[in-house]
Amino acid sequence: MTLEGRGSLSQLPECMAALGIRRPLVVGSPRFTERLAVGGAAFHGYHANPAFDDCRVGAALYRQAGCDGLISIGGGSAMDTAKGIKALLIAPDEDAALASRLPLEAHLPHIAVPATAGTGAEVTPVAVLYMGRDKHSVTHPALIPEGVVLDAALLDTLPPLHRRTCALDALSQGIESWWAVASTPDSRRCAEAAIRGVLEHLDAYLAGDAAAADAMLHAAWESGRAIALTRTTAAHAMSYQITQRLGAPHGYACMLTLPHLWRRLLAEQPRALDALAPVMGLSRAEEGPDRLLALLRQLDMPPVPEPDGALLDALADSVDVERLGNHPQRLTRADLRAIYEEALR
């Protein structure tokens, strides 16, 4: 069930009734959870990079408060935390939850209300959770939210940096889904809608235009639909430790490596990106890396600390090359280190 348009948040009670939610656990920051006024309990105790421990606390609160469904409101962190809570509640034990061994038929409805235009987590089956510095992707169809509310009025108070980094995340997801090994005609339609939506409306969105905000939230939703079909590729895989170790926000961390991955793919498969070029508004695919780098300069993103050789080694070692099979080009550990160096120096 998807509700879209300014003011659609007012229909949340109807969505709850349709899904049988009477006493929700609302996962989000206090400024969002307090405005919903839907009863139940509220969980604020999660981090920007959601931790598995956070989900344990949330699951305990869900049981203690006698909740019968989840509502997440905020960015990807709130939605991933809610998915992690759901995984713990429906799995036979914690090990099964972390290993994505979940039942398909468990009834625990989740309504996702994105308050950023970026992650598309409201339509994906993935929760990215951390145990220390180790990233775990809990992935299962049961984690796709049963309800989605797309109300761009929630974006009106977003800080400028959040607007920029979330837009970069949606754009990166669209590009990665487009070139993913697992891409299909359906996924490419979603990816194209995401890419065009971000590039066509970004300037007006950053300037505060309400109609552009509506379009950006829809583009982010399309980016989520795209990666739900294909998953992401190397840029996302390489981003997590840039965020963890260097503090770059997630969407920015993805975009730091994306131009360099594009350039390497061109060198090995010069025709691989021809169909993507017009979607990006380019006359030739060779213009892609410079277009993305120019976008980063235009957005005036904050500097990232320059890594030394030891940290470059650690970043390269953090990516499991065996799990990069969805990327359209084979990358070795040496390739990854070189890309990190190009992107961060």
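## Exercises on a predicted model

Cys15 has its place in helix H1 (residues 12-19); helices here are DSSP runs of H or I with at least four residues, numbered from the N terminus. We're working with a predicted model, where local features need pLDDT of at least 70, side-chain atom pairs count only at pLDDT 80 or more, and totals for chains, interfaces and linings use all residues. Residues are numbered from 1 along each chain as its sequence is written, and side-chain values use heavy atoms, with hydrogens and water left out.

**Exercise 1.** Work out whether Cys15 is buried or exposed, and list its contacts.

*Solution.* Start with the cut-offs: buried is under 20% relative accessible area, exposed is over 50%, and partly exposed lies in between (1.4 Å probe, protein chains only). Cys15 sits at 0%, so it counts as buried. Next, skip the neighbours within four places in sequence: Cys15 then touches Met1, Leu3, Ile111 and Gly147, contact meaning heavy atoms within 4.5 Å.

**Exercise 2.** Describe how H10 packs on H12.

*Solution.* Take the geometry to begin with. The axes of H10 and helix H12 (residues 288-299) come within 8 Å and cross at roughly 165°. Axes are lines fitted to C-alpha atoms, for helices over the stretch in contact, and angles run from 0 to 180 degrees between N-to-C directions. Angles under 35 degrees are roughly parallel, over 145 roughly antiparallel, 65 to 115 roughly perpendicular, and the rest oblique. H10 is therefore roughly antiparallel to H12. Now the residues: on the H10 side, Tyr252, Met255 and Trp262 are among those involved, and they meet a set in H12 including Leu292, Leu293 and Leu296. The contact splits into 10 nonpolar, 2 polar and 2 charged residues. In this scheme Ala, Val, Leu, Ile, Met, Phe, Trp, Tyr, Cys and Pro are nonpolar, Asp, Glu, Lys and Arg are charged, and the others, Gly among them, are polar.

**Exercise 3.** Do likewise for H10 and H14.

*Solution.* Helix H10 (residues 250-268) and helix H14 (residues 333-344) have axes 9 Å apart and an angle of about 125°, so the pair is oblique. From H10, Leu256, Thr257, His260, Leu261 and Arg264 meet Asp335, Ala338, Ile339, Glu342, Ala343 and Leu344 of H14. Sorting these residues gives 6 nonpolar, 2 polar and 3 charged.

Notes
Helix = DSSP H or I, 4+ residues; strand = E, 2+ residues; numbered from the N terminus.
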